[in-house]
Amino acid sequence: MKAPFSNYLNEIAPAIKDLVGVLGSRYDYVSALSTDSKGLAVRISQRNKSVSNENMTTERGTVIRVRKDGLYSEYAFNDRPSDVAQLSEHIIKVLDEQLGVLKATGTAVYETDVLPDEPLELFLEKETEELPEETDVKSLVEMFTEISNRGMAAASEAIECMVSGQSTHISKMFITKNRFLRQSYVYSEGSALVLCGRDGDNKASYEGVSGCCGPEVFVELKNLVEKAAKDASAMLDAERIVPGEYDIIATPEIAGLIAHEAFGHGVEMDMFVKERALGAEHIGKRVGSDLVTMHEGAKCEESVAAYVFDDEGTLAGDVIEIEKGILKTGICDALSAVRLGTGATGNGKRENYSHKVYTRMTNTVFDSGTDSLDDMIKSIDYGYLLDGMESGMEDPKHWGIQCIVSRGFEIKDGKLTGKMVSPIVMTGYVPDLLGSITMASTDRKVPGNGGCGKGHKEWVKVADGGPYLKARARLG
């Protein structure tokens, strides 16, 4: 079935068009982004149950962006625009006051040219099996409860199993003088986490599912929860790793973590404008081995981060950031693109309609290679297969990277020994880590559980992944 576009947005479209027209007589550029996103969030554990029709990306509202005298300003509201004349008068008053503040204080102004506004009309409803707003929540709670009980039964030392899922039906409408864009799609993500304990020591492991699809994807957790329980139980017997430099194999999940942290924020080009990213100095230079080709864009993978146009009305892209080890370009929102004299890449995203646009990641993905996982394992005399993403951090200014990995499986003389180490901290200098990649598998995955913040805030949905990768890394 098609994910139907919002009736609410269709109803307010004429008023928003009129509003853009009225404001257009006063400002050099006017755009309106209207959103209406409905969803659900369910979390079940052995102790608690939580059900909500709100989650990370549910919202309803409109944001107006204008330009005057080289300055941009915005106004957001979530009321139905019934009286356009009254609303436009109020918006003009607020925006003119905002634009006048800098001039009144004598603050230096970064003048920005007018955003492009090529004519385009677009309407797309993506396919989905289910809609979150029509999901039988009672049945979903029963299924999550069954999965939680299954996780508890799969490990004798299990003390908790939390099963969670969120799904959002997103509708967005973007209007300027020359553009009328509408899109509707559904994305979902779910996870099963098992916590095991022994003598005061607790270990947790999770498995996740996600995709540009409806809540039907949650059923796959039934087949994954037992693996989460097995890994959590085994982590109770895991040893600490001896710090050092090792040959590693990163699972697709860990490859995605490396991709996200290595060339995520570091090539967001609004950071170039602020001179806060080392990537600006390495365009056209080698940053990885010949096996490293990396894509970024909402168009390059049908994941939780796949959309048709971004929050500035730029069509989704598929940007090759790194090609055979050479850094080719970064990603860019529309305003930063104008300031840098380059093109927008479809990566202008807001946390929601009332937050400002930043350059943000969507799908960040390593290309596949030609090797098999078996051959990669056989090639290692001593090292580890890394699995289980915990968290990551990068320093865009100096290209340091830190990845927290749940567990590592020992490889000795080309074979997995069954020994596990946990937890693991992987650190290094990005070009050194990517330059050490010598093998990549033919398959790849792009998980989409979780989100990404800009600094400590501004959370948006992202997905990242790749194939199995063999590299050399510092572990501790």
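The exercises below, each with a worked solution, concern a predicted model.

**Exercise 1.** Determine how many residues helix 1 has and where it bends.

*Solution.* Helix 1 runs over residues 7-24 and thus comprises 18 residues. From its first C-alpha to its last, helix 1 reaches 26 Å, close to the 26 Å expected at 1.5 Å a residue. A bend of about 45° is found at Ala13, and the proline Pro14 follows within four residues. At the start of helix 1, a side-chain oxygen of Ser6 comes to within 3.1 Å of the backbone nitrogen of Tyr8.

**Exercise 2.** Describe how strand 1 and strand 2 are joined and paired.

*Solution.* Strand 1 (residues 29-44) is joined to strand 2 (residues 49-52) by a hairpin through 4 residues. The two strands pair in the antiparallel sense over 4 bridges.

**Exercise 3.** Identify which strands stand at the edges of the open sheet of 5 strands, and why one side of each is left without a neighbour.

*Solution.* The order of the strands is 12-11-10-15-23, with mixed pairing. Strand 12 (326-327) and strand 23 (463-465) stand at the edges; each has a single partner strand, so one side of each lacks a neighbour in the sheet. Helix 5 (residues 252-262) packs on this sheet and touches strand 10, strand 15 and strand 23. The direction of helix 5 makes about 115° with that of strand 23. Within the sheet, strand 10 (residues 294-296) pairs with strand 11 (residues 319-323) in the antiparallel sense over 3 bridges, and Met294 stands opposite Ile322 in strand 11.

Technical notes: Residues numbered from 1 in each chain as written. Predicted model: local features only at pLDDT ≥ 70, side-chain atom pairs only at ≥ 80, totals over all residues. Heavy atoms only, no water. Pairing = 2+ DSSP bridges. Contact = heavy atoms within 4.5 Å. Axes fitted to C-alpha atoms, helices over the stretch in contact; angles between N-to-C directions. Expected span 1.5 Å × (residues − 1). Bend = angle between axes of the 7 residues up to and from the residue. Polar contact = N/O pair within 3.5 Å; in protein donor to acceptor, adjacent residues only side chain to side chain.
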